[in-house]
Amino acid sequence: SSKPPKIDKSRVPEVKEEDIEEKFIRGWGPGGQSINKTSSAVYLRHIPTGITVKCQKHRAQHQNRKEARLLLQVKWDEVLNGEDSVVAQQKRLLEAKSVKRMSKAKKRRQLQAEWKQSLRND
């Protein structure tokens with residue numbers, strides 16, 4: 001078996017702290033008082049591109065800050081690199097794996113059918 005193709009991360013842009021506008025906002029959605037009273041949700045805006053990200057995945061503000069920065073970097077990578085972005089590369093690899101798996105399954109079914117047919121003929 002050959003090695004899987006590597007994902008090229010060399011073009012991923014680096015987000016500089018001075019290019020980010022950060023706000024802490026109150027959470028939204030289900031969760032009652034605990035989510036509505038604390039400002040653990042994070043809003044980031046990348047000033048040069050205008051890309052915005054909101055994150056309230058975790059209860060802790062510091063975790064949401066980390067997550068929001070990752071989301072911002074992924075979004076910026078998609079805008080900047082399009083088909084060569086890390087997410088697009090991962091998607092292509094998954095599709096190729098899926099196609100390979102489907103063709104293996106099809107071949108296996110065909111061999112089983114041929115084997116059953118040969119048993120009937122004997």
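The legends below describe close-up views of a predicted model. Residues are numbered from 1 along each chain as its sequence is written; local features need pLDDT of at least 70, and side-chain atom pairs count only at pLDDT 80 or more, while totals for chains, interfaces and linings use all residues. Side-chain values use heavy atoms, with hydrogens and water left out.

**View 1. The open sheet of three strands, in the order β1-β2-β3.** Pairing in this sheet is antiparallel; two strands pair if DSSP finds at least two bridges between them. Strands (E, at least two residues) and helices (H or I, at least four) are DSSP runs numbered from the N terminus. β1 (20-25) and β3 each have a single partner strand, so one side of each has no neighbour in the sheet. From one strand to the next, the twist averages 15°, with axes fitted as lines to C-alpha atoms and angles running from 0 to 180 degrees between N-to-C directions. Six bridges join β1 to β2, and E22 has L44 in β2 as its bridge partner.

**View 2. The largest nonpolar core, with 10 residues.** Such a core is a set of buried Ala, Val, Leu, Ile, Met, Phe, Trp, Tyr and Cys residues joined through side-chain atoms within 4.5 Å; buried means under 20% relative accessible area (1.4 Å probe, protein chains only). Its members include V15, I20, L44 and W76. β2 (41-46), β3 (52-55) and α2 (61-81) each supply at least two residues, and α2 gives the most, with three.

View 3. S85 counts as buried because its relative accessibility is 1%. Leaving aside neighbours within four places in sequence, S85 is in contact (heavy atoms within 4.5 Å) with D77 and E78.

How values were computed: Buried means under 20% relative accessible area, exposed over 50%, partly exposed in between (1.4 Å probe, protein chains only).
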